[in-house]
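Please look over the sequence and the structure shown below before reading on.

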Amino acid sequence: MDLVSCLPADWRDARLLGRVMTTAGPSPVLARGGRLYDLSSHVATTAQAVALDDMDTAGVDMGPLDEVTVASAWSAQGMQLLSPLDLQCIKASGVTFAVSALERVIEERARGDADAANAVRQSILDRIGGDLKDLRPGSDQAEAVKAQLIAEGLWSQYLEVAIGPYAEIFTKAPVLASVGWGAEVGVRADSAWNNPEPEVVVVCDPSGRPVGASLGNDVNLRDIEGRSALLLGKAKDNNASASVGPFIRLFDDGFGMDDVRAATVRLEVEGTDGFVMTGESSMSLISRDPEELVRQTLSAHQYPDGFALYLGTMFAPIDDRDAPGKGFTHKIGDRVRVSSEKLGVLENIVATCDQAPPWRFGVLELMRNLAGRGLLGATA
């Protein structure tokens, strides 16, 4: 597949940081001016690269972007495009949109039962209407709505993080465990109700400064989390369950946080059974500003190798797939496309976690590889 087909519409003007698998091992690359450059002679990781002052003059020319082909789970021809994240901690924020908040309450009330979800959904909408959509989390108005919901017996831990002062911030995956464009993305074999979560992912340097953005699929197991919020780790952190890519678009004069705030993230799911589902999520409707979510991630923590933060989604699919009232859940072989005009296209194939390629390339293996290539002395 041609690399440019998964890049932003203005790829010739964008500065795109990523990782590819070379014959020697994983290497950070930079797309700029319509060409691709291998940065490994200057920096060993993308975590280092974001602090590189002369990134635009570094690297070995790998050729024009429109002549590069990339391999995927459905096509073995070309260069393997890895997740652009390596040593960054992978964090995620949840319940950052009103629609998402309602769906979490529905999961909790339905106890992970998709059949019961429709009735719960309508009951909640009837009782609180549109009260959530204009609320600023932590405000006096939000506190008033909270009191009303408690009085009506509708309060939920999900609404606490939706409209309360503290955002939900959790660890989505271990370092080096995310998968990139063209990979298989995993759902647990014992999950019967799950869905993709198309999101923008903000990437921050060691000081916590946002330096760029990418696309992500925060795979969600609705039945498992719906049984108990204490099962969040089991629902969220599984083999191949965190997809990021295709590249990190670096902030510069042509792209910045305001572009993230204005982004529309689109989703398409195409099943081998002929089922097609589409939707979109507008970042303009987010309840907490991306920079506020970054601040809360930093709250009482340090990230010496930087971090990436999934910003959450408003997209919670309720389309019936197999029968009326059954809602949506993934089937093996689903092709999932997450896209946004200025960030490109992140595409993956759904597999069960036990059938997706196992995660074996961890920090020790990376250090061995870099040492063997003489790259551990490469510093930003």
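**Briefing on cavities, pockets, cores and backbone**

Helix α3, which covers residues 114-128, contributes four residues to the lining of the second largest cavity, and this is the most that is given to that lining. The model described here is a predicted one. A search of the whole structure finds six cavities of 30 Å³ or more.

**The second largest cavity**

- The volume of the second largest cavity is about 60 Å³, and its lining is made up of 13 residues, with A114, A117, N118, R121 and G327 lying nearest its centre.
- When the lining residues of this cavity are sorted by class, six are nonpolar, three are polar and four are charged.

- Strands β1 (16-21) and β6 (79-82) each supply at least two residues of the lining of the largest pocket, and β6 gives the most, with three residues.
- By class, the lining of the largest pocket consists of 16 nonpolar, seven polar and three charged residues.
- The second largest pocket, with a volume of about 180 Å³, is lined by R15, V50, A51, L52, D53, D54, M55, D56, R209, V211, L250 and F251.
- The lining of the second largest pocket has seven nonpolar and five charged residues, but no polar ones.

**The nonpolar cores**

- In soluble globular proteins, nonpolar side chains tend to be buried together.
- The largest nonpolar core has 56 residues, of which L3, L7, L81, V200, V260, M283 and L311 touch the most other members.
- If neighbours within four places in sequence are left aside, V200 is in contact with A213, S214, V260, V265, M283, L309, Y310, L311 and L343.

- S27 is found in strand β2, which covers residues 26-32, and S27 counts as buried because its relative accessible area is 1%, which is under the 20% cut-off.
- The side chains of S27 and R373 are joined by a polar contact of 2.7 Å.
- Leaving aside neighbours within four places in sequence, the residues in contact with S27 are G18, R19, V20, T22, D38, S40 and R373.

**Backbone features to look for**

- Most residues other than glycine have a negative phi, and most peptide bonds are trans.
- A cis peptide bond, with omega of about 0°, joins G245 and P246, and P246 has its place in strand β14 (residues 242-250).
- L176 is not a glycine, although its phi is positive at about 75°, and this residue is placed in the loop between β8 (168-173) and β9 (184-187).
- L176 counts as buried because its relative accessibility is 9%, again under the 20% cut-off.
- A240 is not a glycine either, and A240 has a positive phi of about 65°, with its place in the loop between α7 (232-236) and β14.
- A240 is also buried, because its relative accessible area of 4% is under 20%.

How values were computed
Residues are numbered from 1 along each chain as its sequence is written. This is a predicted model: local features need pLDDT of at least 70, side-chain atom pairs count only at pLDDT 80 or more; totals for chains, interfaces and linings use all residues. Side-chain values use heavy atoms; hydrogens and water are left out. On a 1 Å grid over the protein atoms alone, a cavity is a set of points where a 1.4 Å probe fits but cannot get out, and a pocket is an open set with protein on both sides within 12 Å along at least five of seven lines; lining residues have an atom within 4 Å of a point. Grid points are joined across faces, edges and corners, and a volume is the space filled by probe spheres set on the points. Ala, Val, Leu, Ile, Met, Phe, Trp, Tyr, Cys and Pro count as nonpolar, Asp, Glu, Lys and Arg as charged, and the others, Gly among them, as polar. A nonpolar core is a set of buried Ala, Val, Leu, Ile, Met, Phe, Trp, Tyr and Cys residues joined through side-chain atoms within 4.5 Å. Buried means under 20% relative accessible area, exposed over 50%, partly exposed in between (1.4 Å probe, protein chains only). Contact means heavy atoms within 4.5 Å. A polar contact is a pair of N or O atoms within 3.5 Å; within protein, one must be able to donate a hydrogen and the other to accept it, and residues adjacent in sequence count only if both atoms are side-chain atoms.
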